[in-house]
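These questions and answers are meant for someone meeting the structure below for the first time. Each answer works its way towards the value or name that was asked for.

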Amino acid sequence: MSFCCGAECVFVLGFSRWAWKRCTYIGSYDSATWPVATAAEFSPIPRICRIILAVYEPDLRNPIFPPSNGGYRLNPDWVVKRVTYSETLGNSPPYIIYLDHDEKEIVLAVRGLNLRRESDYKVLLDNKLGMQMFDGGYVHHGLLKSAVWVLNRESETLRRLWVENGRCYRIIFAGHSLGSGVAALLAVVVVNHRDKLGGIPRSLVKCYAVAPARCMSLNLAVKYADVINSVILQDDFLPRTATPLEDIFKDTFIPEDRKLRDPRRLYAPGRMYHIVERKFCRCGRYPPEVRTAIPVEGRFEHIVLSCNATSDHAIAWIEKEAERAFKVMEESSGGTVTTAPHRQKLERLQTLEKEHKDALERAVTLHIPYAVALNEEEPGDVEAIPSSDETVQPSEASRSRLENSNWNHLVEKLFTKTESGNLILIRKEADQLSLL
């Protein structure tokens, strides 16, 4: 009897400790050790959020839900294309292509999940653990299909806009929620097949995944951290939600080291920007602080039991808090930030590159499946923005070869099937495609 009572007390104490830690865990703990972001690197994010919000508007000249802090501040004449649900036919969420001459950017922005659209749920739920391999890792099957569909439809438009504007504009893929996963995989596919967009350098391809979905394995999330930037408002539930969804409760009881060893497990992509504005056992909101890092372990693994978990996912609220955070950064830096001084910008670029290299090495040290160090990676473009005559031009042979193939074919060429049905990366073919 005494043994049973003792065991029961141990169980109750253990469960109480676990419940206390779960109930008192807040979103800011995920980035407690991260450094603070600079105003210069964070400055594009409020503007990108406004472009994503513009996808929800049928007419920018007569907006229905303009942001309260100054409106959209976009030129309606620069909207090159607006694609709605009637045109996507369930293959992708709606999106726009916006040509920003002020910032020298071509932005393809994808809207988030529409709770009233069955097709969006089909894209989100079209995935099983280990279902889709890509580039030496795993990605979300439904989101990759959606990204390839968008590229088959819009790659010629993006290539034409980039060439017509002097081959010096950046191509930005941006999205919110469901659209963030589509945008992230758009960037990954384009980076691997840059010749299809006129030979654009890797340094001119960027992605901003706002309230990101988990869409790629850990080795890919770290590998593409120089291209993809994820923006998360404090307690947002989606970056912490396991994919596929049926694993959400099972994940609660799996140790983190075991999660890291599973190559099929999906994570939020790229470099993280975490906007923190609330503190434990404090009422109200504080001036937002933005922390940034390329985490390997502790990558938003804990579901936060918070009444703000869903409101922090809303794109309108993220845009508002990102704008507030940027203004706080401006005030703390002593003035309005337009462009960073050349020396400061170069130093920060070198710091970002070092953080990316350190994250890759950390992934190798932790024995993350398929993770490789930077010197083992295929060489990327880390130079400054080139002029039009410095841009790599696709050869005639590669151009003619790619004109007769679509994005589905290029993605499938990276893999072969074994007798057991498993997909294996063809390293030689991947190397050749990356050099096109």
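Q: Among contacts between residues at least 6 apart in sequence, what share joins residues at least 24 apart?
A: The model shown here is predicted, and its secondary structure comes to 14 helices and 14 strands. Counting contacts in the protein between residues at least 6 apart in sequence, the share that joins residues at least 24 apart is 74%.

Q: What percentage of the residues in the protein is buried?
A: A residue is called buried here when its relative accessible area is under 20%. Applied to the 436 residues in the protein, this gives a buried share of 53%.

Q: How many of the residues of helix H3 are buried?
A: Helix H3 covers residues 44–54, and it is largely enclosed by the rest of the structure. Its buried residues include Pro44 and Pro46, the arginines Arg47 and Arg50, and Ile48, Ile51 and Ile52. Arg47 also belongs to a network of salt bridges together with Glu103, Glu105 and Arg170. For H3 as a whole, the buried count is 11 of the 11 residues.

Q: How many residues does the second, separate core have?
A: The largest nonpolar core has Met216 among its members, and Met216 touches residues such as Tyr138, Leu185, Ile228 and Pro269, leaving aside residues up to four places away in sequence. The second core is separate and includes Ala37, Ile51, Val55 and Ile96, and its size is 35 residues.

Q: How many residues apart in sequence are the parts that Arg153 and Glu87 tie together?
A: Side chains of opposite charge can pair when their charged atoms come close. Arg153 and Glu87 meet in a salt bridge of 3.3 Å, N to O, and both residues are partly exposed, Arg153 at 34% relative accessibility and Glu87 at 32%. Because Arg153 lies in helix H6 (residues 141–164) and Glu87 in helix H4 (residues 85–88), the parts that the pair ties together are apart in sequence by 66 residues.

Q: Is Arg202, which forms a salt bridge with Asp226, buried or exposed?
A: The closest N and O atoms of Asp226 and Arg202 are 2.9 Å apart. Asp226 sits in the loop between helix H8 and strand E9, while Arg202 sits in the loop between helix H7 and strand E7. Asp226 is partly exposed at 26% relative accessibility, whereas Arg202, at 15%, counts as buried.

Q: How many nonpolar residues are in the lining of the second largest pocket?
A: The second largest pocket holds about 540 Å³ of space. It is lined by 27 residues, and the closest to its centre are Leu113, Asn114, Leu115, Ser177 and His313. By class, the lining has 8 polar and 4 charged residues, while the number of nonpolar ones is 15.

Q: What is the volume of the largest cavity?
A: The count of cavities of 30 Å³ or more comes to 1. Among the residues lining the largest cavity are Ser217, Lys259, Asp262, Tyr267 and Pro369, and H8 and helix H9 each supply at least two residues of the lining. This lining divides into 6 nonpolar, 2 polar and 3 charged residues. The volume of the largest cavity is about 50 Å³.

Conventions
Residues are numbered from 1 along each chain as its sequence is written. This is a predicted model: local features need pLDDT of at least 70, side-chain atom pairs count only at pLDDT 80 or more; totals for chains, interfaces and linings use all residues. Side-chain values use heavy atoms; hydrogens and water are left out. A salt bridge is a side-chain nitrogen of Lys or Arg within 4 Å of a carboxyl oxygen of Asp or Glu. Helices (H or I, at least four residues) and strands (E, at least two) are DSSP runs, numbered from the N terminus. Buried means under 20% relative accessible area, exposed over 50%, partly exposed in between (1.4 Å probe, protein chains only). A nonpolar core is a set of buried Ala, Val, Leu, Ile, Met, Phe, Trp, Tyr and Cys residues joined through side-chain atoms within 4.5 Å. Contact means heavy atoms within 4.5 Å. On a 1 Å grid over the protein atoms alone, a cavity is a set of points where a 1.4 Å probe fits but cannot get out, and a pocket is an open set with protein on both sides within 12 Å along at least five of seven lines; lining residues have an atom within 4 Å of a point. Grid points are joined across faces, edges and corners, and a volume is the space filled by probe spheres set on the points. Ala, Val, Leu, Ile, Met, Phe, Trp, Tyr, Cys and Pro count as nonpolar, Asp, Glu, Lys and Arg as charged, and the others, Gly among them, as polar.
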